[in-house]
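Had a look through this one for you.

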Amino acid sequence: MEDQRGHWSSSFGFVLAATGSAVGLGNLWKFPFVTWENSGGAFVLIYLVCIAAVGLPIMMAELLIGRKAQKSPVGALKAAVGPAWGIVGGWGVLCGFILLSYYTVIAGWSLFYFSKTLGWTAGGFPTDLQMGDLFGEQVSNGGLQVGLSLLFSIATVSIVYFGVQKGIERIAKIFLPILFSILLLMLISAARMEGFGESLAFIFIPHFGELEPAGILEALGHAFFTLSLGMGAMITYGSYLERRQSIVKSAGIIVLLDTIIGLVAATIMFAVIFSVAGMEEQVSGSTVGMLFISLPQLFYTEVPFGTILGPLFYLLIALAALTSTISLLEVVASYVIDEHGVGRHKATVLCGATIFIFTILSALSFGAVDGLSTFEIFQGKPGWFSTADHFVSNWMLPTGGFAITMAAGWFMTRESTMAELAGESEPAWFSYEVWRFFIRFVAPAAVASIIIAVMFFGTDFS
Ligand code: PHE
């Protein structure tokens, strides 16, 4: 039978698509605030170690499982590792389903602030506006929240609908260069600000006395989230690779780009914050709101060329989020396509619509509907959104990631993983034996420590 599955048209297209999946709200929204909360330098250094020692080997493992099997996670793990491993794939599909359902809500906020900043740029910034109030009003407006998420879901579905090459790859090729350019413009602008030096020092000079043990584990948890690992997204993207397309080199580039973008985003945001007197204290009160409460007005008062960069910045967030949501929907849709023989168009719409039902619950859990906003399953995580995020970040990604290390390090034979990784024109920095040591020992030990921390010490990674 003819091979009906899609393929990336080139390694370059694949690298852009996978980088698009990795670069998202994790880099622009989560990374800056966890770095801030953990006092910078030392946390960043530990995070970089986690990326290199845990993230990179697992990225290669996921890609190799996908490319070897040419199937989405459930089928891929069954084929590459063993029939029982389909469960791990199913866990990933479920994780993609839940993660997409709430990620879309935050992505929707970027649309709101994009349109707001466009309005302010055109009509002037209203000086009497309180950003905290604006934020509170928008998140608790149920109709607005559902509407914004719906817009974002429709955008996601309409890209995945067109498949791997004509949808996902094509969009990545257009969006990622735009995203890089906007970020570069912002970096140039930030470099002209007074707080730039202080920002660099905060991020790159480690002070180990300031890092709490929980911060180490938080760095590890974030490494998973930001690289889209632990739930099969990279298995799925790897399954559209052809044998001649390199895994090792691609994984290196994806991980490097994702890391640079997180660091640049944090540098820009802290440069703005350090440039404004009193801002530091204000931000500490609400680090999560950094992006949507502290920053918006500063574009109009502090940032050079801020009137142009303001809307561009929120556009950047929306584009970054969109190239991530399409990878999440692709995990779920490709499962339905591969395992249940449903056509792509039907599968995409069906999955998109089903997931959206749960998006509504998240969208209404920021104050719009009382019951949805206040119930508490996990202590200190009230409401549907926080419950879902807590469950995914603390339970699903680490356990999924741990299973992948077991699959690639212990259950697949040395020959089979070696055939995927070592046969290629290996870059000088890569050694199969080192990879094997990391995937068998270092990565699982590190991930197990997260899981243990969550179970026994109640550490929170969301
Ligand atoms: N990596 C994405 C981000 O940083 C989130 C994501 C996780 C996307 C898992 C796909 C799969 O925002």
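This is a predicted model: local features need pLDDT of at least 70, side-chain atom pairs count only at pLDDT 80 or more; totals for chains, interfaces and linings use all residues.

1. Start with the pairing of helix α5 (residues 86-123) and helix α15 (residues 306-340). Their axes come within 8 Å and cross at roughly 160°. With anything over 145 degrees counted as roughly antiparallel, α5 and α15 therefore run roughly antiparallel to each other. The crossing of α5 past α15 is left-handed. As for what lines that contact, its residues split into 21 nonpolar and ten polar, with no charged ones.

2. Next, Val160, which sits in helix α7 (residues 142-160). Is Val160 buried or exposed? Its relative accessible area is 0%, so Val160 is buried. Skipping its neighbours within four places in sequence, Val160 touches Ile326, Leu329, Glu330, Arg344 and Thr348.

3. Last, helix α1 (residues 11-22). From first C-alpha to last, the twelve residues of α1 reach 16 Å, close to the 16 Å expected at 1.5 Å a residue. Ten of those twelve are buried, so α1 is largely enclosed by the rest of the structure. The buried set is Gly13, Phe14, Val15, Leu16, Ala17, Ala18, Thr19, Gly20, Ser21 and Ala22.

Technical notes:
Residues are numbered from 1 along each chain as its sequence is written. Side-chain values use heavy atoms; hydrogens and water are left out. Axes are lines fitted to C-alpha atoms, for helices over the stretch in contact, and angles run from 0 to 180 degrees between N-to-C directions. Helices (H or I, at least four residues) and strands (E, at least two) are DSSP runs, numbered from the N terminus. Angles under 35 degrees count as roughly parallel, over 145 as roughly antiparallel, 65 to 115 as roughly perpendicular and the rest as oblique. A crossing is left-handed if the near helix is turned anticlockwise from the far one by less than a right angle, and right-handed if clockwise. Ala, Val, Leu, Ile, Met, Phe, Trp, Tyr, Cys and Pro count as nonpolar, Asp, Glu, Lys and Arg as charged, and the others, Gly among them, as polar. Buried means under 20% relative accessible area, exposed over 50%, partly exposed in between (1.4 Å probe, protein chains only). Contact means heavy atoms within 4.5 Å. The expected span of a helix is 1.5 Å times one less than its number of residues.
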